[in-house]
Amino acid sequence: MASLPSFEDQGKLKEEIATVEEFTLDGTLDYHGRPAVRSKSGSWVAGIIILLNQGLATLAFFGVGVNLVLFLTRVLQQSNVDAANNVSKWTGTVYIFSLVGAFLSDSYWGRYKTCAIFQIIFVIGLVSLSLSSYLFLIRPKGCGDEHTPCGSHSKTEISLFYLSIYLTALGNGGYQPNIATFGADQFDEEDQKEGHYKVAFFSYFYLALNLGSLFSNTILGFFEDEGMWALGFWVSAGSAIAALLLFLAGTPRYRHFKPSGNPLTRVCQVVVSAAKKWRVRVPSGGEGLFEDNEKQNPNNGCRKILHTNGFKFLDKAAYISSRDSSDKEQGMINPWRLCPITQVEEVKCILKLMPIWLCTIIYSVVFTQMASLFVEQGAAMKTTISNFHIPPASMSSFDILSVALFIFLYRRVLDPFVGKLKKSSSKGLTELQRMGVGLIIAVMAMVSAGIVECYRLKYAQADCTHCEGSSSLSIFWQVPQYALIGASEVFMYVGQLEFFNAQAPDGLKSFGSALCMTSISLGNYVSSLLVTMVMKISTEDDMPGWIPGNLNKGHLDRFYFLLAALTVIDFVIYVACAKWYKCIKLEDKYEQNEELESFKV
């Protein structure tokens, strides 16, 4: 019979347990590169700083973006078509730069350094835009409102303007995918309490983003619409500076993951290694595949990924051939012939995420209608109450209010209720289930918009010349479609952020967040393509088409119903992809220490 440990041994064991419990379990480091102490770093102190930073940065960005098309037409005297195309290019550039920021963060700089550098670029762009507008572009003074166009500008002044807005795009694009992931890094997902906080963080992050844009869409949008462009841009610049200073002030509290090197190289190594061994037969259970334990240090934040059965061809990259075995004995492993199973599983994770990601693009097509066709539809409705005019674009405020309401309802009501129904340790709906709910609500939003359009046409004047306000149907009938879009965002975009962050390998977390942004970008492009196709088909035989300049002669309702039908089809495909999807399997870095594990609280 084994003897009981002495009091001295028990004391040492308790000290060892206390030491383990003091540090985070996910391998995060503090600012000095030491293991992060749980009580002195991260959690909600760092999380709240990042949420405030996100709200201020969003206010700054949308302070420029929300009325950029008006600035181009009123101040730079561009046509509507040129201004719309330039705004589309600028918006697309923001999302392209998000991939650049994610790559630099995951590969070389780390998330903190990437966020800081791109926020500095963001501030430089906004200050430059404010100065150029105040000194050169707003001439004569007071121009740029609805009634007073500005004068001509030199090529140098125009070039300075474009340099400023593209610096702003670079700064925001590189920063945006990393700040969400960096905020999630502040919560240890291997600790039950902080793991729950991490899930809640994404909801509050999206709420902070919407509250920042609410101020831009209302207060700043009003000042800029009245021609006070320099004031609006200076407020945006001041907000960006405040966001940067707040972010830097939280430096001692942040937790960090080390960058894991160029992911493109790792992916190519797996593909090349598997191709070289294409004739090899890999054991069905994956036994005997190579795992380089030395590279998987728990302190570098990159956890081992356990073997899965999907994409079996890639397993050949981890198969140890006789030549690989000889090289291994000599300590000369060729990474282009033999890859660890964790590296192979990283590639599998990316491939498994792609079908889910593709299914989110149609939802983004629906989401983009809020900034385009919803506004045009609202402009053709009754937009006055007594003598007060309601700008059609301001109806997006109901979307933001809906987001805030449904985040509260989900976190406080629905999540606990579903958790009780499931009677399991997991709480609420899974990320994939929530994204599916988001698609269903998006269908309801398009059906609602189509029904409103049917009634708008019923009360409209078909022979009007300038058709703004030509229908007697009040613009407030649009509230349900905006509210439904807001509800769907809570389920789709928040769920999407959580899903890609949880399912992306440790070395590709920022890439996961960038996928969310590129989904929105592709949604814009697919929407433009869809409108072009619909107009080309519906204008045959000299017909006005579904979306003509005069909406009273078109059938915008049919386009909304088409989007609803496409979203239903997308939902069916999504359900199939979600059932096929297998979650990432991460090895518990502390599971081998059974003695300490048994004493954990």
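Modeller: What follows is a close look at helix 16 and its packing against helix 11 and helix 15.

The model is a predicted one, and its protein chain holds 18 helices and two strands. Of the 601 residues in that chain, 51% count as buried, and among contacts between residues at least 6 apart in sequence, 82% join residues at least 24 apart.

Helix 16, which spans residues 509–538, packs with helix 11, residues 341–368, at an angle of about 45 degrees, and their axes are 7 Å apart. Because of that angle, helix 11 is oblique to helix 16, and the crossing between them is right-handed. On the side of helix 11 the contact is made by Ile350, Met354, Trp357, Thr360, Ile361, Ser364, Val365 and Thr368, while helix 16 contributes Phe511, Leu515, Thr518, Ser519, Ile520, Leu522, Gly523, Asn524, Val526 and Ser527. By class, the residues of this contact comprise 10 nonpolar and eight polar, with no charged residue.

Helix 15, residues 479–503, crosses helix 16 at roughly 150 degrees, with axes that come within 7 Å, and this crossing, too, is right-handed. Here Tyr493, Gln496, Leu497, Phe500, Asn501 and Ala502 of helix 15 meet Lys509, Gly512, Ser513, Leu515, Cys516, Ser519 and Ile520 of helix 16, a set that divides into seven nonpolar, five polar and one charged.

Notes. Residues are numbered from 1 along each chain as its sequence is written. This is a predicted model: local features need pLDDT of at least 70, side-chain atom pairs count only at pLDDT 80 or more; totals for chains, interfaces and linings use all residues. Side-chain values use heavy atoms; hydrogens and water are left out. Axes are lines fitted to C-alpha atoms, for helices over the stretch in contact, and angles run from 0 to 180 degrees between N-to-C directions. Helices (H or I, at least four residues) and strands (E, at least two) are DSSP runs, numbered from the N terminus. Angles under 35 degrees count as roughly parallel, over 145 as roughly antiparallel, 65 to 115 as roughly perpendicular and the rest as oblique. A crossing is left-handed if the near helix is turned anticlockwise from the far one by less than a right angle, and right-handed if clockwise. Contact means heavy atoms within 4.5 Å. Ala, Val, Leu, Ile, Met, Phe, Trp, Tyr, Cys and Pro count as nonpolar, Asp, Glu, Lys and Arg as charged, and the others, Gly among them, as polar. Buried means under 20% relative accessible area, exposed over 50%, partly exposed in between (1.4 Å probe, protein chains only).
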